[in-house]
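Hello,

Here is the structure I promised to send you. Please have a look at it first, and then read my notes below.

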Amino acid sequence: MLTSTVCAAVSAAGLGIAALTAYRKRFLAATRIAAFSLIPIGLVLTGVIDWLTDIAFKPSVWAGFGVLALSAVLFTISRFVERRRGIGGRKERKATAAGGADAVAPAASVPSLGAGQPAAQPAAKAKAKDKGGAPKDDFSDIEAILKKHGI
């Protein structure tokens, strides 16, 4: 009952302000103010306000929110502890349990950085340096972007 009275008062005040604005020949602003001022009374008439107050003032509803919050906190803590311990995800645990995961990959004897590149490539980069100290290949990407934009 109190909420509907407050909403009616807010709507009446808003309509009063809209009338003063319309009196000043600012009809577009007056229309917007009137539209906003009719929202509270419309919510009361549709029953939304009563529904919200029923939810907000029931202890059982707040207990439910508390249980949901506790659940979220427990889930977050478990994820944090799992990551701190280094325990992998579900896929890693299944692979370890199946015995299919080796400690070292079969191709681990080959260095990963130079596996697909010939050894002469670092020497070629060293020869490609110009007076500025940067390889010529570094500026080719920038030149392509500038040409693309017509600069």
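How many salt bridges does the count come to? A salt bridge here is a side-chain nitrogen of Lys or Arg within 4 Å of a carboxyl oxygen of Asp or Glu, and by this rule the count comes to one. I will come back to that pair further down.

A word on what you are looking at: this is a predicted model, in which local features need pLDDT of at least 70 and side-chain atom pairs count only at pLDDT 80 or more, while totals for chains, interfaces and linings use all residues. Residues are numbered from 1 along each chain as its sequence is written, and side-chain values use heavy atoms, with hydrogens and water left out.

**The overall picture**

The chain has eight helices and zero strands, which gives the pattern α-α-α-α-α-α-α-α along the sequence. Helices (H or I, at least four residues) and strands (E, at least two) are DSSP runs, numbered from the N terminus. Of the 151 residues, 10% count as buried; buried means under 20% relative accessible area, exposed over 50%, and partly exposed in between, with a 1.4 Å probe and protein chains only. The chain exposes about 12800 Å², and carbon and sulfur atoms supply 67% of that area. Such areas come from the Shrake-Rupley method with a 1.4 Å probe, and for residues only the protein chains shown count as cover. Among contacts (heavy atoms within 4.5 Å) with a separation of 6 or more, 38% are between residues 24 or more positions apart.

**Helices α1 and α2**

Helix α1 (residues 2–23) packs against helix α2 (residues 27–37) at an angle of about 175°, and their axes are 8 Å apart. Axes are lines fitted to C-alpha atoms, for helices over the stretch in contact, and angles run from 0 to 180 degrees between N-to-C directions. The two helices are therefore roughly antiparallel, a label for angles over 145 degrees. Residues making the contact include Gly-14, Leu-15 and Thr-21 of α1, and Ala-29, Ala-30 and Ile-33 of α2.

Thr-21 is worth a click. This α1 residue counts as buried because its relative accessibility is 10%. Leaving aside neighbours within four places in sequence, Thr-21 touches Arg-26, Ala-29, Ala-30 and Ile-33.

In the loop between α1 and α2 you will find Lys-25. Lys-25 has a positive phi of about 65° although it is not a glycine. Most residues other than glycine have a negative phi. With 64% relative accessibility, Lys-25 counts as exposed.

**The start of the chain**

Met-1 sits in the segment before α1 and counts as exposed, at 79% relative accessibility. Its C-alpha atom is separated by 8.8 Å from that of Asp-50, which is 49 residues away along the chain.

**A nonpolar patch**

Which residues form a nonpolar patch on the surface? They are Phe-36, Ile-39, Leu-43, Val-48, Trp-51 and Leu-52, with about 590 Å² of accessible area together. A patch is made of residues with over 30% relative accessible area and no salt bridge, with nonpolar side chains (Val, Leu, Ile, Met, Phe, Trp, Tyr) joined within 5 Å and like charges within 9 Å. Helices α3 (39–46) and α4 (48–56) each supply at least two of its residues, and the largest share, three residues, comes from α4. Leu-52 lies in α4 and counts as partly exposed, at 42% relative accessibility.

**Back to the salt bridge**

The side chains of Glu-82 and Arg-79 meet in a salt bridge, 3.7 Å from N to O. Because they are three residues apart in helix α5 (residues 59–85), about one helical turn separates them. Arg-79 counts as partly exposed, at 36% relative accessibility.

Terms used
Angles under 35 degrees count as roughly parallel, over 145 as roughly antiparallel, 65 to 115 as roughly perpendicular and the rest as oblique.
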